[in-house]
Amino acid sequence: MFCFQCQETSNNTGCTEVGICGKTSEVANLQDLLIFVLKGVAFYADKANALGLRDDETPLKVARDLFSTITNVNFDPDFFVQRIKEALNLRNHVRKVFFTAYEQKHGHPFNEFLPEAATWMANTREDFLVKAQTVGVLATEDVDIRSLRELLIYGLKGISAYIEHADVLREQDSAVCAFIMEGLAATTDDTLTADDLIALVLKAGNTAVKAMALLDRANTSTYGHPEPTQVNIGVRNRPGILVSGHDLKDLEQLLEQTKDTGIDVYTHGEMLPAHSYPFFKKYNHFVGNYGNAWHEQRKEFAAFNGPVLMTTNCLVPPNDEYKDRVFTTGVVQFPGLVHIPNREPGKQKDFSPLIEMARRCDPPIPLEEGLISGGFAHHAVLSIADRVVEAVRAGDIKRFVVMGGCEGRHVSRQYYRQVAEQLPKDTVILTAGCAKYRYNKLNLGDINGIPRILDAGQCNDAYSLVVIALELAKAFDTDDINKLPISFDIAWYEQKAVAVLLALLSLGVKGIRLGPTLPAFISPAVLKILIEKFGVQPIGSPQEDIAVMVG
Ligand code: FSO
Ligand code: SF4
């Protein structure tokens with residue numbers, strides 16, 4: 001195996017025997033082969049698209065599979081064997097459709113070069129495992145081309161996760177779907193230069209903005225606009241079910257099915273922002289948020305005492321203490337855990353196994369008590385835009401620091417808490433994603449009634465931060481975000497954060513600080529481009545960085 005897609009990759013170089021995340025080499029190899037076959041699907045789908053055969057269904061299937069290869073989503077080798085078989089069938093189907101349409105249009109069969117991903121075929125797990133050894137990241141020998149191809153693929157994985165969430169809420173965008181095919185197909189084209197790939201990486205950023213806007217529309221049209229909300233972090237004396245991940249539809253159906261059962265529902269990690277949607281406030285048994293970001297789940301899930309539902313990443317391989325209480329659903333799977341199957345058309349997912357288990361469980365052990373605030377997505381912030389602009393004009397707010405992104409295990413991530421603590425009192429932190437858990441329980445006060453930490457929501461709600469920045473730009477009569485008093489100090493971990501980073505670059509944001517380490521998949525030459533073109537820089541010490549940001 002060789003995997004270097006996340007921030008915690010071994011020695012910041014690559015995981016080669018087993019993932020730091022717990023992914024086995026068998027799973028890593030099968031994921032490589034699945035991506036290889038998906039490139040073959042994309043090769044034909046992209047060409048079919050160019051012939052005017054519009055098809056969103058194929059890209060959505062590919063997106064679901066790409067999502068399953070994101071860090072901490074799916075650890076089950078059997079799942080990937082099955083997905084490879086289905087992806088091969090899908091590729092053969094799309095090939096047939098394309099070949100037929102091509103011949104009809106041109107009067108002769110398609111006879112151009114076919115990459116191996118478009119032709120390779122096998123049927124057995126044994127053959128899959130042999131082939132998998134040859135099609136991973138290292139199959140691209142040129143380090144810069146490899147770096148750009150992987151940067152593009154990781155951006156596409158993040159975009160895929162967002163459009164899968166939107167699709168669950170019945171929102172799709174054909175342009176985003178088409179680009180997933182174009183981008184993936186481009187990674188099979190050996191004639192593309194580094195400049196060609198950089199252009200595609202920026203197009204991926206532009207597409208990530210569209211994907212996040214799509215998901216924002218899906219979420220807010222279904223559940224209303226998030227509103228400023230105080231979320232309870234204590235517990236009640238009744239059994240509970242803990243929901244983690246990012247899928248709001250799963251949460252909705254679980255809340256419906258647990259109504260009047262005497263069971264409480266708590267959020268964990270990235271599900272915290274659900275409390276700010278008006279739709280979810282009607283459930284009296286939707287009690288609060290339990291615990292912190294994903295990497296603390298071993299101790300927190302053990303203490304929770306009740307069943308836990310993982311709707312998406314980040315799943316940490318569970319230990320025996322609580323393993324029998326963790327349920328997966330959607331693209332998440334782990335060998336030995338009970339998986340709640342997908343919804344059948346017109347029906348809800350069936351969460352009764354969790355409900356039955358919860359009835360026999362003790363209430364959660366309290367971890368802390370109090371309230372944390374959230375719900376400052378674009379609608380809520382723009383509704384107080386006048387006050388914000390006024391505070392900036394009066395000099396009461398000197399700077400905004402965007403500190404969104406992901407949390408992780410590295411000790412060096414204490415940097416983000418220290419920055420939050422040490423930023424001058426006339427600064428406001430804008431955040432989204434699980435990175436906020438490093439500092440969202442600090443009492444940083446407010447500026448003229450505007451909280452000093454404005455939490456827009458999940459990682460995908462980084463879109464809100466973009467909308468807020470663009471609106472501020474309008475208020476200050478500029479079309480350049482870089483002229484605003486905003487600094488970007490982003491924490492990354494997995495591939496959705498890569499999509500968010502590319503989105504910011506495509507919007508022309510300069511000088512982003514990225515940490516706690518720079519991605520291992522960025523080669524020195526690609527890093528040089530990111531520095532020269534965009535001023536991307538590694539984090540330094542909290543003191544130095546604050547001095548530069550607010551100086
Ligand atoms: Fe966190 Fe995990 Fe939302 Fe990521 S839970 S780290 S960017 O998967 O998804 O922020
Ligand atoms: Fe290693 Fe991250 Fe890949 Fe897991 S996802 S194998 S930790 S690089």
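These legends walk through several close-up views of a predicted model.

Residues are numbered from 1 along each chain as its sequence is written, with chains lettered from A and ligands numbered from 1 in the order in which they are written. Because this is a predicted model, local features need pLDDT of at least 70 and side-chain atom pairs count only at pLDDT 80 or more, while totals for chains, interfaces and linings use all residues; side-chain values use heavy atoms, with hydrogens and water left out.

View 1. Let us start with the layout: the protein chain is divided into domain 1 (10-222), domain 2 (229-359) and domain 3 (376-549). These bounds come from an automatic or database domain assignment.

**View 2. Where domain 1 meets domain 3.** Taken over C-alpha atoms, the centres of domain 1 and domain 3 are 30 Å apart. Domain 1 brings 32 residues to the contact and domain 3 brings 27 residues, where contact means heavy atoms within 4.5 Å. Together domain 1 and domain 3 bury about 2,600 Å², with 69% of it on carbon and sulfur atoms. Buried area here is the accessible area (1.4 Å probe) that two parts lose on being put together, summed over both. Look for Leu151, Tyr162 and Met212: they supply 21% of the area that domain 1 buries against domain 3, more than any other three residues. How many salt bridges does the rule find across this interface? The count is 0, with a salt bridge taken as a side-chain nitrogen of Lys or Arg within 4 Å of a carboxyl oxygen of Asp or Glu.

**View 3. The largest pocket.** About 870 Å³ of space lies in the largest pocket. On a 1 Å grid over the protein atoms alone, a pocket is an open set of points with protein on both sides within 12 Å along at least five of seven lines, a cavity is a set of points where a 1.4 Å probe fits but cannot get out, and lining residues have an atom within 4 Å of a point. Grid points are joined across faces, edges and corners, and a volume is the space filled by probe spheres set on the points. The lining of the largest pocket has 34 residues, and nearest its centre lie Arg64, Glu164, Val168, Asn342 and Arg343. Two or more lining residues come from each of α2 (57-68), α3 (77-106), α5 (143-168) and α8 (248-258), and α2 gives the most, with 7 residues. Helices (H or I, at least four residues) and strands (E, at least two) are DSSP runs, numbered from the N terminus. By class, this lining holds 17 charged, 11 polar and 6 nonpolar residues. Ala, Val, Leu, Ile, Met, Phe, Trp, Tyr, Cys and Pro count as nonpolar, Asp, Glu, Lys and Arg as charged, and the others, Gly among them, as polar. Domain 1 and domain 2 each give at least three residues to the lining of the largest pocket.

**View 4. The second largest pocket.** This pocket holds about 560 Å³ of space. Its lining has 30 residues, and Phe36, Lys39, Val135, Gly136 and Ala139 are the closest to its centre. Both α1 (25-50) and α5 supply at least two residues of the lining, with α1 giving the most, 6 residues. The lining of the second largest pocket divides into 13 nonpolar, 8 polar and 9 charged residues.

View 5. The peptide bond from asparagine 313 to cysteine 314 is cis, with omega near 15°, and cysteine 314 sits in the loop between β5 (308-310) and β6 (326-329).
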